[in-house]
Amino acid sequence: YVLYVSTIESRKNHILLLKVWQKLQQEKFADLPDLVLVGMMGWGIDDLLNLFKEDKDLQKVVHFYHDVDDDELVSIYKNARFTVFPSFVEGWGLGAVESMLYGKPCIISNCDALLEATQGLMPSASPTDIDTWSELIKEFSTKEEIIESYKKIIEEKFQSRTWKDFSVDFEQFSRGEK
């Protein structure tokens, strides 16, 4: 399965993923993995829920989980093939970073915060480009070498940042040094 961990709200753009899965089902893409969405329900999601409720085929491959405890979340991350994070706007992008900490490639939207959080190491696409997201999902679902190449990039290049790292950056920024 493909995983997205995030509060389920409009700015997080879950609806893009449902439209991508719907498109790939309509194309009869044989290797379509399930989509697992983990997070509490937020605001502005009526369109998302309506799309889901109206499409019986989508309901077979998209799964919502709420109130997941830490141990369950670890297991869910470990068993995912890869993750996605198509958010329009982000403050930090914790789910994308968590994914990389578990060694899982994450397809992200090209918003600045996600590009920065993933250190420019993960594939990205516009949060409105259903066709590009569909192609990326197809590639990541069928080509093990792509998954492995991104796992290697994470292992070799991704540097986990500490609170101290952020504090130093903030101090330098506030002094005009950065």
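# Pockets, a cavity and packed helices

The second largest pocket is lined by 13 residues, and those nearest its centre are S6, T7, V38, G39 and M40. Its volume is about 210 Å³. By class, that lining holds six nonpolar, five polar and two charged residues. Here Ala, Val, Leu, Ile, Met, Phe, Trp, Tyr, Cys and Pro count as nonpolar, Asp, Glu, Lys and Arg as charged, and the others, Gly among them, as polar.

Before going on, please note that this is a predicted model, in which local features need pLDDT of at least 70 and side-chain atom pairs count only at pLDDT 80 or more, while totals for chains, interfaces and linings use all residues. Residues are numbered from 1 along each chain as its sequence is written, and side-chain values use heavy atoms, with hydrogens and water left out.

A search of the whole structure turns up one cavity of 30 Å³ or more, and the largest cavity has a volume of about 30 Å³. Its lining is made of L3, Y4, V5, Y77, T83, V84, F85, G95 and C106. Two elements, β1 (2-5) and β4 (82-85), each give two or more residues to this lining. Seven of the lining residues are nonpolar and two are polar, with no charged residues. On a 1 Å grid over the protein atoms alone, a cavity is a set of points where a 1.4 Å probe fits but cannot get out, a pocket is an open set with protein on both sides within 12 Å along at least five of seven lines, and lining residues have an atom within 4 Å of a point. Grid points are joined across faces, edges and corners, and a volume is the space filled by probe spheres set on the points.

Let us turn to the helices. Helices (H or I, at least four residues) and strands (E, at least two) are DSSP runs, numbered from the N terminus. Helix α1 (residues 14-26) packs with helix α2 (residues 46-54) at an angle of about 25°, and their axes are 9 Å apart. Axes are lines fitted to C-alpha atoms, for helices over the stretch in contact, and angles run from 0 to 180 degrees between N-to-C directions. The two helices α1 and α2 are therefore roughly parallel to each other (angles under 35 degrees count as roughly parallel, over 145 as roughly antiparallel, 65 to 115 as roughly perpendicular and the rest as oblique). On the α1 side, H14, I15, L18, K19 and Q22 make the contact (heavy atoms within 4.5 Å), and on the α2 side D47, L48, L51 and F52 do. This contact of α1 with α2 has five nonpolar, two polar and two charged residues.

Helix α1 also meets α7: their axes come within 9 Å and cross at roughly 65°, which makes α1 roughly perpendicular to α7. Here L16, L17, K19, V20, W21, K23 and L24 of α1 meet I130, D131, W133, S134, I137 and K138 of α7.

Finally, the axes of helix α7 (residues 130-142) and helix α8 (residues 144-157) come within 5 Å and cross at roughly 90°, so α7 and α8 are roughly perpendicular to each other.
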